[in-house]
Amino acid sequence: MNILNVQELGKSFGKFEAVKGVSFSVEKGESFSLLGPNGAGKSTTINMITGLYPPTSGSIQITGVDVIKNPKQAQKSIGVVPQEIALYETLSARENLKFWGRMYDLSGNALEKVVDEVLEIIGLTDRAKDKVSTFSGGMKRRVNIGAAILHKPEVLIMDEPTVGIDPQSRNHILETVKRLNNEGMTIIYTSHYMEEVEYLCERIGIIDHGELIACGTLRELRESIGDRSRIIISLDNEGSHHLEISSLLEGLAVEKDILIKDKLLTVFHKEPQAILSELIQLVTKDGTKITSVEIVEPNLESVFLHLTGRSLRN
Amino acid sequence: MRRILAIAWLHLKELFKSPGTLVMMFILPGLFGWIFGGISIESGQTKPVIDVVMNEEEHSTEIFNLLKQNEHYQWNKATLKEAKEHVEEQDTVAAVVIPTDIQQKVVENQPLLDVILRSKTEDYLALEPHLQGTANLIIRIHHTVEESNSTTLPDMLEAAATSKGVAIEKQTIQKDGNNPVEMNLMFVGFAIMFMMFGLSGAASTILDERIGGTWGRLMVTPASKLQISLGYLIAYFLMGWIQFSVLMIAMNLLFETTWGNLTYMIPFASLVILCVVGFGLMIAGMVKTKQQAGAIGAVLIVSTCMLGGVYWSIDLVPEFMQKISLAVPQSWAMSGFKEIISGSLHPATLIKDTLALLGFTAGFFLIAIRGITFK
């Protein structure tokens, strides 16, 4: 059963089309990710799903409620973790959580109880009375998540919730999200960190320049590029080996299988070990020097690179 | 309702946890009030000096006693030479010469008292009606003596000098300097100005909230735009009232100021505070950053407060400035407060002031609503 249905969603700011006809759906209890580089249109899509931006075109339904027609009704069943640390810094963690809880009609003992529970989940019980301004970035991010799960939403929408934090806090957040998902909460997660997406999400939508360019499970996406590994060779100059390497890769001489950018030669191949020595000979025959060679197993970065010709972090 | 109160309470709590806001809302106005209030009272304690040049004749002594009825000045006897020197060196406001032939001057309808002065200072302008009044009194007494033929002029002058009815000039003197109504208005003026600074600063936190993300987060909760707006409005309104009350109570304790009939004062002050909240929200809606709000707010607040008679009485400025002042809400606020504090409670003036403030408030809120985006 679909808990979220997004159909032909579009958003323009003046002449700029930020989101172009995006369609996808998410099942109840699923964890779905929108992956894409900065400026791809992930946050704009999320802002439309949460009812913050009215879309220019298309439709959105959450738990069967039309978000465009009844945003306040739809917002009751969602929890939103914004990209910014949307908290009141002069107030304590507990005060912040209580305030956001009240916005979802929680009050009295029920509110106190749920705040205690959430503080436990985010691991900040012992810092509950401290002002948020005294917290580290990671701790603030945890309170930011806590404020979104107080009312036990059916769908938790997280917009890049781990930006700019230390690995320890990131791990804590990822584990928390995983746990919430295992308990039945539907997760919609945007990020440009493929490792997070690979760890958390069952299905992934790849978004670039406002368009959903691929959507499926990690396995499906890998298969879409032939499950090929990447050979990444760092060069001292970009050289002119493109055609020769193409002919070496018999049967795979497609433009997207070989990328040369910023002195990095990337070759996609199912059996990288088999062609590596020949590839190195080809590259170095005109005196080009190799500074490093790396073989990367197929992953989301490979998929994105293959689809767009660009790295996710560009 | 719970959401509205939660938003209002949150912002009130934030206010009391922000040292900068507390300084702007309470410490600075308190300090201004204390300094300027102190100066006003201090200046009231140092009486301006008037030299009186007179001979030792009985009627001169009685006229001197009549002049001394005005206790707002210090009256010193001096020789003509000393008096001229004092005036020249500005040690005295003026010197009053009581002529020896005063009866003849009355008969010949000539000015009775000669006054030596260097320039017409405010102190002299306040004194002038008293001198005129004293002279008129001497003339009236002279005519009475002539008609009755039963008593001498000095006897009548003595009777007049000891009579309580002579102190008619007190009101005129008070108008110029230490009128309690004017002093109380000065405190109200400070309260309005700092309330404008405090509340426009507080309202511009909406801009910070927009950038920080809490505004957007509020928008994606089930709280409606109306609930959010009312929450902010109530918070700022209560902030205004807290600031106004604290300042008024502090000034009352420090300088024994009074605030007139509270039945009129409370609703009128509420309207003024609402107008100030609207002004703050209007600025927040017009600009993009808190820094812009601070700069534009400061320029608008200081200039309109000057025009609106917050720093000085509007009666002191030229007529065309008085007309311009009608375009700023402070002039209507000060006018209404003056009616209430002085106790005159002139209905037409109060209604006019109230309607004007309602108009300004509605205008400010309309601009604010158009400017503050809910997206």
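**Notebook: salt bridges and a covered helix**

I began where the chains meet: the side chains of B:Lys13 and A:Glu95 form a salt bridge, with 3.6 Å from N to O. B:Lys13 sits in helix H1 (residues 2-16) of chain B and A:Glu95 in helix H3 (residues 93-103) of chain A, so this pair joins two chains. I also checked the cover on A:Glu95, which is partly exposed at 21% relative accessibility. A reminder to myself: this is a predicted model.

Next I asked how many salt bridges the structure holds over all chains. The count came to 13.

I then picked out A:Lys42 and A:Glu160, whose side chains meet in a salt bridge at 3.2 Å, N to O. A:Lys42 belongs to helix H1 (residues 42-49) of chain A, while A:Glu160 is in the loop between strand E7 (155-159) and helix H6 (167-182), so the pair ties together parts 118 residues apart in sequence. Are these two partners buried or exposed? A:Lys42 is buried at 3% relative accessibility, and A:Glu160 is buried at 5%.

My next stop was A:Arg170 and A:Glu196, a salt bridge at 3.0 Å, N to O. Here A:Arg170 of helix H6 pairs with A:Glu196 of helix H7 (residues 194-200), so parts of chain A that are 26 residues apart in sequence are tied together. A:Arg170 has 19% relative accessibility and counts as buried, because the cut-off is under 20%. A:Glu196 is buried too, at 2%.

I also noted a network of salt bridges linking A:Arg94, A:Lys98, A:Glu112 and A:Asp116.

Last, I looked at helix H11 (residues 300-308) of chain A, where seven of the nine residues are buried. Among them are A:Leu300, A:Val303 and A:Phe304.

Notes
Residues numbered from 1 in each chain as written. Chains lettered and ligands numbered in written order. Predicted model: local features only at pLDDT ≥ 70, side-chain atom pairs only at ≥ 80, totals over all residues. Heavy atoms only, no water. Buried < 20%, exposed > 50% of the residue type's maximum accessible area, 1.4 Å probe, protein only. Helix = DSSP H or I, 4+ residues; strand = E, 2+ residues; numbered from the N terminus. Salt bridge = Lys/Arg side-chain N within 4 Å of Asp/Glu carboxyl O.
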